[in-house]
Amino acid sequence: MAVRIKTEQEIALMREGGKRLAGVMARLKETALPGVSTGTLDELAERLMREAGGDPVFKGYRIPGVETAYPASICTSINDEVVHGIPQKNRMLASGDIVGIDIGMRWRGFVTDMAVTVGIGCIAPDALRLVTATREALDIGIAAVRPGAKIGDISHAVEQHLKKAGLGVIRDLAGHGVGHELHEEPLIPNFGHAGKGMELREGMAIAIEPMATLGGWRIALDDDEWTFRTADRSLAAHFEHTVAVTSDGYDVLTLIRA
Ligand code: MF3
Ligand code: CO
């Protein structure tokens, strides 16, 4: 399938859906405290998405090669879990944990996707360094978005920032086009060469999602067939925004707006 360019009206719908999704994320972030279970976060997220008039797009989602449909509304990936951790009623957050919260919603037909990594209680200096640099890498990648730029410009900017911070850069997972479906073309890798790859065009909507570690880049899939964790069990962080390519730059769609 080719890249699906969105009209201004379609981007406007994604902007409204993304704003609502960001509102849900704000509630999840303030709820993620020591002693709260990831299952509780999942239940809250599903309720808030439905109250916002949307549907949790991860629930029941299938990816090629995986037998089971995704069983929850959000992903909660704790410590050495990189992405796609499955929320559990009996899995409590504890002070010192870092947890990636990844949420996606379909609203009036259009999908937006975002993730943050939050520290629970008091976290170690190295964990804070990992989370901070991965968040910065997302901002720096977004700043490379404009019509005429190449996907490699985003990839390179993200990779350089993560490497400068001494972090491992996940290579086997990537960002993606988003809108009609959760995963559309093109792929947005977190490593690459400036000036290379597909040219960005006005009306493209992409999810940029740096994933980094305090150790190596290799990942392993758990027996649950969903949870990816670092092969060396080092801590991992993940941030994601849905971004539209505009006539002169970018518009971050998954933000709380006035
Ligand atoms: N944000 C993640 C991604 O883009 C969420 C996918 S979880 C799934 O890959 F269950 F929906 F697959
Ligand atoms: Co995504």
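Mentor: Begin with strand β8, which spans residues 184-188 and contains Pro186. Keep in mind that this is a predicted model.

Trainee: What is the phi of Glu225, positive or negative?

Mentor: Most residues other than glycine have a negative phi. Glu225 is in the loop that connects β11 (219-221) with β12 (228-230). Glu225 is not a glycine, yet its phi is positive, at about 70°.

Trainee: Where does ligand 1 sit?

Mentor: The shell around ligand 1 has six nonpolar, three polar and four charged residues. Of the 13 residues around the ligand, those that come nearest are Tyr70, Asp102, Asp113, His176 and His183. As for the site, ligand 1 sits in the largest pocket.

Trainee: How far is an oxygen atom of ligand 1 from an N or O atom in the side chain of His176?

Mentor: Take the other side chains before that one. His84 has a side-chain N or O atom 3.3 Å from an oxygen atom of ligand 1. For Glu209, a polar side-chain atom is 3.3 Å from a ligand oxygen. For His176, the distance from a side-chain N or O atom to an oxygen atom of ligand 1 is 2.9 Å.

Trainee: How much of the accessible area of ligand 1 does the protein cover?

Mentor: The reference is the ligand on its own, with 330 Å² of accessible area. Of that area, the protein covers 96%.

Trainee: What is the largest C-alpha distance for His84 and His183?

Mentor: The unreviewed UniProt entry annotates His84 and His183 as "binding site". Both residues, His84 and His183, are in the lining of the largest pocket. His84 is in the loop between β3 (81-83) and β4 (98-107). The pair is spread over 100 residues of sequence but clusters in space, with a largest C-alpha distance of 14.4 Å.

Trainee: Which domain does UniProt place at residues 13-246?

Mentor: Over residues 13-246 the chain is 28% helix and 26% strand. The end C-alpha atoms of that stretch are 15 Å apart. The name in the unreviewed UniProt entry is Peptidase M24.

Notes
Residues are numbered from 1 along each chain as its sequence is written. Chains are lettered from A and ligands numbered from 1 in the order in which they are written. This is a predicted model: local features need pLDDT of at least 70, side-chain atom pairs count only at pLDDT 80 or more; totals for chains, interfaces and linings use all residues. Side-chain values use heavy atoms; hydrogens and water are left out. A residue is near a molecule or strand if one of its heavy atoms lies within 4 Å of it. A polar contact is a pair of N or O atoms within 3.5 Å; within protein, one must be able to donate a hydrogen and the other to accept it, and residues adjacent in sequence count only if both atoms are side-chain atoms. Accessible areas come from the Shrake-Rupley method with a 1.4 Å probe; for residues, only the protein chains shown count as cover. On a 1 Å grid over the protein atoms alone, a cavity is a set of points where a 1.4 Å probe fits but cannot get out, and a pocket is an open set with protein on both sides within 12 Å along at least five of seven lines; lining residues have an atom within 4 Å of a point. A molecule sits in a cavity or pocket if more than half of its atoms lie within 2 Å of its grid points. Ala, Val, Leu, Ile, Met, Phe, Trp, Tyr, Cys and Pro count as nonpolar, Asp, Glu, Lys and Arg as charged, and the others, Gly among them, as polar. UniProt positions are given in the numbering used here, feature names are shortened, and annotations may be inferred rather than shown by experiment. Helices (H or I, at least four residues) and strands (E, at least two) are DSSP runs, numbered from the N terminus.
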